[in-house]
Amino acid sequence: MRISRRAFIQTAAAMGASLAWGGEARASMVKWTEKRDLYPEGVASGDPDPNSVILWTRRPFGEPRRHVLTVEVAEDDTFRRVVAQAKAPVLASADWTTRVLVGGLKPAHVYWYRFTDAKGNGSRIGRTITAPAADDPRPVNFAFVSCQSVNEGKLNAYRRMIFEDEHAAPEEQLGFVHHLGDFIYDVVEYPDEVKTRYDRTIYEVARIPDGGKSGNLHYPLTVDGYRAVYRGYLADPDLQDARARWPFVAMWDNHEFSWQGWQSIQQAGGPPRPGQSIKVAANQAWFEYMPARVKAPSGTFETFGPPPVKDVKIEKWDANGLGDEPNNLKAINSLIAYRALRYGKHLDLIITDQHSYRSPDPFSDHSLGRLGDWKDYNGMFPDDAMQILDGGRAFSGGNPPAEIRFQEQSIPNPQRNAPPQTILGATQKAWFKDKLRKSTATWKIWGCSLGCLDWRADPENLPAGLTKKPWPKGRFANLGGGDHGSAWVERKEIYELVRDAKITGFAIVSGDRHSFWAGYAAAELPPGNFEPVGLSFVGASLASPGVMEAYEHRLAKDLPLRPLYLADRPGGAKPDWTFNMLLKHGVRSCLDYARNFDLEQARKLSNPALSPHLEFVDMGGHGYAKVRLSGDEMRTEFVCIPRPITRSERPDGGPLRYRVVHTAPLWRVGEHPLLEQQVLEGDIGLSS
């Protein structure tokens, strides 16, 4: 249904956006001369629906008074068929950014847009696409991306994505890009203080005014600091080109606020600190720089209107682990970004916030360091012990153990009286579950910035002598923590809803792990009841360093467990990434491969109980993922590029490592989903 003009005005006002309304096409009367230097962060669009889309730019001026731009929207890139034109105010109080909600547009339609100042100085031309109508049966194509640290890498993946999209048939082109977070990194290195990390050059991003510092990491504490980082990131030409080609549908992850922070607590390498004012500042900068359908606290067309808060220590928590302190509640609710997007007949995209409402980390108690010799296992921790900690006072039907045991040691259970871990929080989770129940689209896609697939290993199969003490038989290890891969109680609640409500076509797209994963959404793994209810994917980082890069540079050559992560070839060649094999096949496969480099033989030693939920894992991947949804299948393609240390000047963004596609037919109620894998080009190594 087309929105009425009155409702459209109310919607625009709530989002702090100016508005434009489409009409009859006519030739542009605006004298426009492109001056990209006056619009240094380019243009962008976001959150399309069938009849409207948000447009964005930044045009700084020398004097602080209010200025007005003209925005035009056309059906052609020469602007001979302009369908909407409006005034777009820019103010110093919004860091000279402007957001315009353009309505009255046609569904599933490509439009072109540009901004012009009073003197005729124009922005570059942007391209955007409206969503198809809710009953449109055509397939849906989108990409999902995350983790673009331009401080330590380059965004060649966007150049590849643009090149391929420009050469694709119209029905295969992307409709939008779903950005799952870490659009910026709040922690910034300065090249004059640290020139390299691993083999990477440290590139200039920004100098943060009135910020904090932890080691060589600088981080913002005010809105001006966050704005400086956004401007630094948006100076990247490939990011600018991507935002000018497609509408983005964005959600923040941790680094848009604080590296180790949660709710309104700020933490970056040191102790946690009350950060209510910092959280509000982060929300304001995200609002100003990301064109999204979110409501400004001010309820006005032009400014964010940050609510006044004090930085006060949180000392009381409710039954779900939410800080009851009034300033905390005001800060985290200053911008509510979880939302849903309907895109044709086949897609309901349900997007959640994984940081603003999450409970305290159940795995961070210092007493856990005294639990046996688990540190001898390079960070592996007993999987069943982590499930006890995750469950808190609700574990085992409300009868959690008083102690946690590993090997000969035991400690008091630090979570015995704590609520179960929640990443979504009670209010958001209820909203999310309601959206799932009510979805009528063929595919219900959960846009979750944090991965949902378990990280497991089977160190019980290590030969004697590699560690001081043997790992207890019958107990798996876990290598995760911090995401839905180790939030078993909450994940089970969601997956059981999917099962009990007889929901088919449920799938998850996620990021943050700096690696590619493909598998199944299942509440339990063996020895529990393995019952997949959907699909689960993790996209690799666009640029940010991953764990394999860290291991190549920092994992000790004489570490007894090194073959579980890296297999060193004779002659000093680059080691093979056996970490992929550890997660997919287990210890025995890793050790055999490191001795013989015979992949087929190593796979024969795979532990079938370890990871029936995994079909693919590449802990060293970079790139992006593409999704194609139709009435009968979901197709997810991983496009993996070499480590993006320097910018490729090739128009295609440089070579590929591999391209692999995972296809699943739509399953019926009572059936389990089934993924089929096909390598289209390149070498996936030890990833499957």
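Author: Leucine 535 touches, leaving aside residues up to four places away in sequence, Trp443, Phe506, Ala507, Ile508, Gly519, Tyr520, Ala521, Met634, Ala664, Trp667, Pro673 and Leu675. Contact means heavy atoms within 4.5 Å. The model is predicted, with local features needing pLDDT of at least 70 and side-chain atom pairs pLDDT 80 or more, while totals for chains, interfaces and linings use all residues. Residues are numbered from 1 along each chain as its sequence is written, and side-chain values use heavy atoms, without hydrogens and water.

Reader: Which residues have the most contacts inside the largest nonpolar core?

Author: Trp286 and Leu535 do, in a core of 102 residues. A nonpolar core is a set of buried Ala, Val, Leu, Ile, Met, Phe, Trp, Tyr and Cys residues joined through side-chain atoms within 4.5 Å. Helix α5 (residues 276-289) gives the most to this core, 8 residues.

Reader: Why is glycine 654 called buried?

Author: Its relative accessible area is 3%, and buried means under 20% (exposed is over 50%, partly exposed in between; 1.4 Å probe, protein chains only), so glycine 654 qualifies. Glycine 654 lies in the loop between β33 (633-640) and β34 (658-665); helices (H or I, at least four residues) and strands (E, at least two) are DSSP runs, numbered from the N terminus.
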